[in-house]
Amino acid sequence: EVQLVESGGGLVQPGGSLRLSCAASGFTFGYYDMTWVRQAPGKGPEWVSLINSGGGRTYDADSVKGRFTISRDNAKNTLYLQMNSLKPEDTAVYYCATIGVGVPGAYDYWGQGTQVTVSS
């Protein structure tokens, strides 16, 4: 059974930092690209970042470019999102998702999400 468990969210002041983690199990983590998606209150999902299976290629949304860094440790089956210079508009539930484990190209398995709130 594929499982993704996010952690590391919380309340942080504007300008602060958080590091999200996503612990993966039930599939061969190092074979698959992974992604982070967020959803702010009252809005639809927004893609944030993507990393390829080996970790050598990353892609970021313009809204987070230069502030967020996606990474992974395939030995630990864990995905990360380092978030710096946080802004109130980064407030959202953050989800990690697999890409193509079940359906080629699909964001097919999701974690339960972790809440990030940026507020003074």
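**Strands, core and one threonine**

Modeller: Start with β1 and strand β3 (residues 18-25): they run antiparallel and are joined by 5 bridges. Keep in mind that this is a predicted model.

Colleague: What makes β1 and β3 a pair?

Modeller: Pairing takes at least two bridges between the strands. β1 and β3 have 5 bridges, so they pair by that rule. One example is S7, whose bridge partner in β3 is S21.

Colleague: Which strands make up the open sheet, and in what order?

Modeller: The sheet has 4 strands in the order β1-β3-β8-β7, and the pairing is antiparallel. β1 (3-7) and β7 (68-73) each have a single partner strand, so they stand at the edges, with one side of each left without a neighbour in the sheet. From one strand to the next, the twist averages 15°.

Colleague: How do you know that β8 pairs with both β3 and β7?

Modeller: β3 and β8 are joined by 6 bridges and run antiparallel. L20 has L81 as its bridge partner in β8. β7 and β8 also pair in the antiparallel sense, over 6 bridges. There, T69 stands opposite Q82 in β8.

Colleague: What lies between the strands in the hairpin of β7 and β8?

Modeller: There are 4 residues between them, and N77 takes a positive phi near 55° in this hairpin.

Colleague: Why is β8 called largely enclosed?

Modeller: Buried means under 20% relative accessible area. In β8, 5 of the 6 residues are buried, so the rest of the structure largely encloses this strand. For the chain, buried residues make up 42% of the 120 residues.

Colleague: Which residues touch the most other members of the largest nonpolar core?

Modeller: W36, F68, L79, L81, M83 and Y94 do, out of 27 residues in that core. Elements giving two or more residues are β3, β4 (34-39), β5 (45-51), β7, β8, β9 and β11 (114-118). The largest share comes from β3, with 4 residues. As background, nonpolar side chains in soluble globular proteins tend to be buried together.

Colleague: Now T91. Where does T91 lie, and why is T91 called buried?

Modeller: T91 lies in the loop between β8 (78-83) and β9 (92-99). Its relative accessibility is 17%. The cut-off is under 20%, so T91 counts as buried.

Colleague: Which residues does T91 touch, beyond four places away in sequence?

Modeller: T91 touches A40, P41, Q115, V116, T117 and V118.

Colleague: Last one. What makes the chain as compact as a globular protein of its length?

Modeller: The chain has 0 helices and 11 strands. Its radius of gyration is 13 Å, close to the 14 Å from the globule rule for 120 residues, so the chain is as compact as a globular protein of that length. The C-alpha atoms fill a box of roughly 40 × 30 × 25 Å along the principal axes. Of the contacts between residues at least 6 apart in sequence, 52% join residues at least 24 apart.

How values were computed:
Residues numbered from 1 in each chain as written. Predicted model: local features only at pLDDT ≥ 70, side-chain atom pairs only at ≥ 80, totals over all residues. Heavy atoms only, no water. Buried < 20%, exposed > 50% of the residue type's maximum accessible area, 1.4 Å probe, protein only. Contact = heavy atoms within 4.5 Å. Axes fitted to C-alpha atoms, helices over the stretch in contact; angles between N-to-C directions. Core = buried A, V, L, I, M, F, W, Y, C linked by side-chain atoms within 4.5 Å. Rg over C-alpha atoms; globule rule 2.2 N^0.38 Å.
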